[in-house]
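Me: I am new to this structure and would like to go through its side chains step by step. Please show it first.

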Amino acid sequence: MAKAPIISPDNSASKTTSEFTTAVDSPVGKGRPTPSRKEREAANRRPLVPVGKEARKEQRGRVAEQRNRARIGLANGEEKFLPARDKGEQRKYVRDYIDARWSVGEAMIPIMVIVILLSLIPAASAFTLIALWGFFVFAIIDCLLVGQRIRSKLAAAHGGADNVEAGLRWYAAMRALQMKPMRLPKPQVKRGEFPTA
């Protein structure tokens, strides 16, 4: 049952009617449609790592700095930057011993260049081939001897051959076959400065 409008003492119902019409015309609710689940999930989604041009540039700078530090540490022989192949006190001794001496294998690259140049001359090609094989044999004998010498020195210093790491002779041979400036980690001793075990 509809209620009659309240009439004010001055017999005017305009105020009550205008209030009623304003309340009916105003929107009910939040005034916008409810977002779908997909829209809400998209709004909440954000990357775990900051993205953007500046963030990527900063990340690249940090990675380059870490890589540069690791490269310098490896060249200087710092233990924490060395690969597993080069870590350890005995491996350091091998590196220092090889770097302190002249090895036959160091001359391999220059001799190979000379052999290639001489092989262009037909009369000298047979001689260069014999000289090359002779050099290889001499370099292998040198590597075997230095490996045995290092192993015996380490065995004497560490109380027997059982306390010497495996693979040191091969490690010494591979380092002895490289030219001194090309070795990594870089040589830390001069020629003739043999380490003490």
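Me: Which residues are linked in a network of salt bridges?
Reply: This is a predicted model. Side chains of opposite charge can pair when their charged atoms come close. Here one network of salt bridges links Asp99, Glu106, Arg175, Arg183 and Arg191.

Me: How many salt bridges does a search of the whole structure find?
Reply: A salt bridge needs a side-chain nitrogen of Lys or Arg within 4 Å of a carboxyl oxygen of Asp or Glu. Searched as a whole, the structure holds 11.

Me: Arginine 37 and glutamate 41 meet in a salt bridge. How many residues apart are they, and in which helix?
Reply: The N to O distance of this salt bridge is 3.2 Å. Arginine 37 is exposed at 60% relative accessibility, while glutamate 41 is partly exposed at 38%. About one helical turn separates arginine 37 and glutamate 41, because they are four residues apart in helix 2 (residues 37-44).

Me: Lysine 92 and aspartate 96 also meet in a salt bridge. Is aspartate 96 buried or exposed?
Reply: The side chains of lysine 92 and aspartate 96 meet at 3.2 Å, N to O. Both residues belong to helix 4, four residues apart, or about one turn of the helix. Lysine 92 is partly exposed, with a relative accessible area of 37%. Aspartate 96 has a relative accessibility of 9%, so it counts as buried.

Me: Glutamate 165 and arginine 91 form a salt bridge. How many residues apart in sequence are the parts that this pair ties together?
Reply: The salt bridge between glutamate 165 and arginine 91 spans 3.2 Å, N to O. Glutamate 165 lies in the loop between helix 6 and helix 7 (168-176), and arginine 91 in helix 4 (residues 89-100), so the parts tied together are apart in sequence by 74 residues.

Me: Over which ring does the charged end of arginine 91 sit?
Reply: Arginine 91 counts as buried, at 13% relative accessibility. Its salt-bridge partner, glutamate 165, is partly exposed at 29%. The charged end of arginine 91 is 4.9 Å from the centre of a ring, that of tyrosine 171.

Me: At what distance from the ring centre of tryptophan 102 does arginine 191 lie?
Reply: Arginine 191 is one of the residues in the salt-bridge network. Arginine 191 also lies over the face of tryptophan 102, and its distance from the ring centre is 3.8 Å.

Me: What is the angle between the planes of tryptophan 133 and phenylalanine 136?
Reply: The structure holds four aromatic pairs. Tryptophan 133 and phenylalanine 136 form an edge-to-face pair, 5.8 Å centre to centre, with an angle between the planes of 80 degrees.

Me: Where do tryptophan 133 and phenylalanine 136 lie?
Reply: Tryptophan 133 is exposed, with a relative accessible area of 54%. Phenylalanine 136 is partly exposed, at 22%. About one helical turn separates them, because they are three residues apart in helix 6 (residues 125-157).

Me: Which residues touch the most other members of the largest nonpolar core?
Reply: This core has 15 residues. The elements giving two or more residues to this core are helix 4, helix 6 and helix 7. The members that touch the most others are Val94, Ile98, Ile150 and Leu154.

Me: With which residues is isoleucine 98 in contact, leaving aside neighbours within four places in sequence?
Reply: Isoleucine 98 is among the core members that touch the most others. Its contacts beyond those neighbours are Ser103, Val146, Ile150, Ala172, Arg175, Ala176 and Arg183.

Note on methods
Residues numbered from 1 in each chain as written. Predicted model: local features only at pLDDT ≥ 70, side-chain atom pairs only at ≥ 80, totals over all residues. Heavy atoms only, no water. Phe/Tyr/Trp six-rings, centres within 6.5 Å; stacked < 30°, edge-to-face > 60°. Buried < 20%, exposed > 50% of the residue type's maximum accessible area, 1.4 Å probe, protein only. Lys NZ or Arg CZ within 6 Å of the ring centre and 35° of its normal. Core = buried A, V, L, I, M, F, W, Y, C linked by side-chain atoms within 4.5 Å. Contact = heavy atoms within 4.5 Å.
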